[in-house]
Amino acid sequence: MIQISQKCVGCGKCTTVCPFGALSLANRKAVASAACTMCGACVSQCPVGALSLPINGAAKKDLSAYKGIWVFLEIADNASVRHVRSVGYELLSKGRELANQVGEELCAVIIGNNIQPFFAEISQYGADKIYAVESPAYTQYNTAAYAHAMITLIKKYNPSVVLFPSTYVGRDLSPRLAAELFVGLTADCTGLAIKEGNLIQTRPAFGGNILADIKCPDYRPQMATVRPNVFKKVAAAPGKVAQVLRETIPVCTEAARVRVINTHMDPPVSGQKLDEAEVVIAGGRGMKNKAGFDLLENLAQQLGGTVGASRAAIDLGLKKKEDQIGQSGVTIAAKFYVACGISGAVQHVCGIEHSDVIVGINKDANAPIFNVCKYGFVGDALQILPKILEQLKK
Ligand code: FAD
Ligand code: SF4
Ligand code: SF4
């Protein structure tokens, strides 16, 4: 929470700038409530320098007290079949490797209502323990409520590593925890390893042109988010039964500040989500116009797949932003991926490299896409695609 020093003269200026309504005056002094997210917006507004963030309060920790690899699992509640998001199992699979390496426990954390049906499946993806926080009050995701529950668990059990899916929920929750716990957080990691007791968190940096290894050697837990399809989900191990620890954590009062009145889901354009599709046909600037993308839609239909695009094609308005594949779009892990008129820039390739079979169609034989392709066609995609479609029809 923001710190208010004795210097406060009660001018009230800060109370009007806090976007969370966390500051008020009492007895002619500023006071902060639990609604403070430590965003820091008020600090520079105080004319007498009475406000500060308690960054220096983060004393170095006794690292040996922190053990265990944790994975936060998210429930997809708005799907037709309520389920644990697959990315959670991908993280458990990676977490299993890390836990084996350091000889520590792999633990899943699940918060929600009616979560018992998921325990068997979570066990099968390698968790040794499941921390379960169950209450009707946790039915819908609420930042403050979930953050309070996670912080309570983390402070009680001291995990060494906590991994989050890079989904809307994971991206919302994890920074909040990092701020409150005074620990680092590495977003959108593409690699995780443990070296000399530290989690090495690899992610693209400087516009994706280098891969940076990040570590947090002085503080625990070490926290990272990972996008779907970055790690492979290992086959479930039937028969494994994780120990379930049910934790009763009352919902914090701050949660009442936000009420979900209604939810609206945009229908997926082609009925299949890019990050879940087995066959993905993508187009780049080389497909030129709508007629070029119609060829891709045709091919996707023939192969039972879905259509994505490079950023250049999105910028040209040939597809919607949510169809972008790559560093600032979706990461896919298709069985079969075809890149048509896409050069193969590193920012695109990092979103497709987990696909099993990559095919490139490009008129430039030196295009970098051919470095990652299993099969390549050198030629004009606008001429090659109609021929492929003709053959498929036959
Ligand atoms: P171009 O680079 O213009 O390539 C077009 C290709 O089509 C060329 O290789 C050309 O030879 C070929 N071609 C032309 N005509 C034909 C034809 N008739 N038949 C066959 N081949 C043809 N990009 C992404 O895709 N996804 C991202 O998420 C992403 N994130 C980014 C994030 C950052 C921070 C930055 C800096 C960039 C990002 N980019 C991303 C952009 C990326 O660097 C490239 O600019 C982009 O991928 C290029 O798209 P493209 O290959 O379609 O276009
Ligand atoms: Fe006190 Fe500074 Fe806030 Fe004024 S702006 S009420 S002096 S903390
Ligand atoms: Fe409000 Fe941010 Fe200041 Fe906290 S740090 S009191 S949330 S403006």
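This is a predicted model: local features need pLDDT of at least 70, side-chain atom pairs count only at pLDDT 80 or more; totals for chains, interfaces and linings use all residues.
The surroundings of two ligands were examined. Around ligand 2 there are 13 residues, of which C8, C11, G12, C14 and C46 come nearest. By residue class, the shell around ligand 2 comprises ten nonpolar residues, two polar residues and one charged residue. The shell around ligand 3 is made up of I2, C18, P19, F20, L23, C36, T37, M38, C39, G40, A41 and C42, and its residues divide into ten nonpolar and two polar, with no charged residue among them.

Empty space in the protein was considered next, since rolling a probe the size of a water molecule over the atoms shows where such space is left. The second largest pocket has a volume of about 430 Å³, and its lining is formed by 25 residues, with R285, S310, A312, I342 and S343 lying nearest its centre. Two or more residues of this lining are contributed by each of the elements α7 (311–315), α8 (346–349), β20 (357–362) and α9 (381–393). In terms of residue class, the lining of the second largest pocket divides into 13 polar, seven nonpolar and five charged residues.

Two helix pairs were then characterised, packed helices being described by the angle between their axes and the distance between the axes. Helix α4 (residues 143–157) packs with helix α5 (residues 168–181) at an angle of about 50°, and the axes of the two helices are 10 Å apart; α4 and α5 are therefore oblique to each other. The crossing in which α4 passes α5 is right-handed. In the second pair, helix α6 (residues 290–303) packs with α9 at an angle of about 25°, with the axes 10 Å apart. Because angles under 35 degrees count as roughly parallel, α6 is roughly parallel to α9, and the crossing of α6 and α9 is left-handed. Helix α9 is also among the elements that give two or more residues to the lining of the second largest pocket.

Finally, two features of the backbone were noted, against the background that most residues other than glycine have a negative phi and most peptide bonds are trans. The peptide bond joining R220 and P221 is cis, with an omega of about 0°, and P221 is found in the loop between β14 (210–214) and β15 (222–226). Although D188 is not a glycine, its phi is positive, at about 55°; D188 is placed in strand β11 (residues 185–189).

Conventions: Residues are numbered from 1 along each chain as its sequence is written. Chains are lettered from A and ligands numbered from 1 in the order in which they are written. Side-chain values use heavy atoms; hydrogens and water are left out. A residue is near a molecule or strand if one of its heavy atoms lies within 4 Å of it. Ala, Val, Leu, Ile, Met, Phe, Trp, Tyr, Cys and Pro count as nonpolar, Asp, Glu, Lys and Arg as charged, and the others, Gly among them, as polar. On a 1 Å grid over the protein atoms alone, a cavity is a set of points where a 1.4 Å probe fits but cannot get out, and a pocket is an open set with protein on both sides within 12 Å along at least five of seven lines; lining residues have an atom within 4 Å of a point. Grid points are joined across faces, edges and corners, and a volume is the space filled by probe spheres set on the points. Helices (H or I, at least four residues) and strands (E, at least two) are DSSP runs, numbered from the N terminus. Axes are lines fitted to C-alpha atoms, for helices over the stretch in contact, and angles run from 0 to 180 degrees between N-to-C directions. Angles under 35 degrees count as roughly parallel, over 145 as roughly antiparallel, 65 to 115 as roughly perpendicular and the rest as oblique. A crossing is left-handed if the near helix is turned anticlockwise from the far one by less than a right angle, and right-handed if clockwise.
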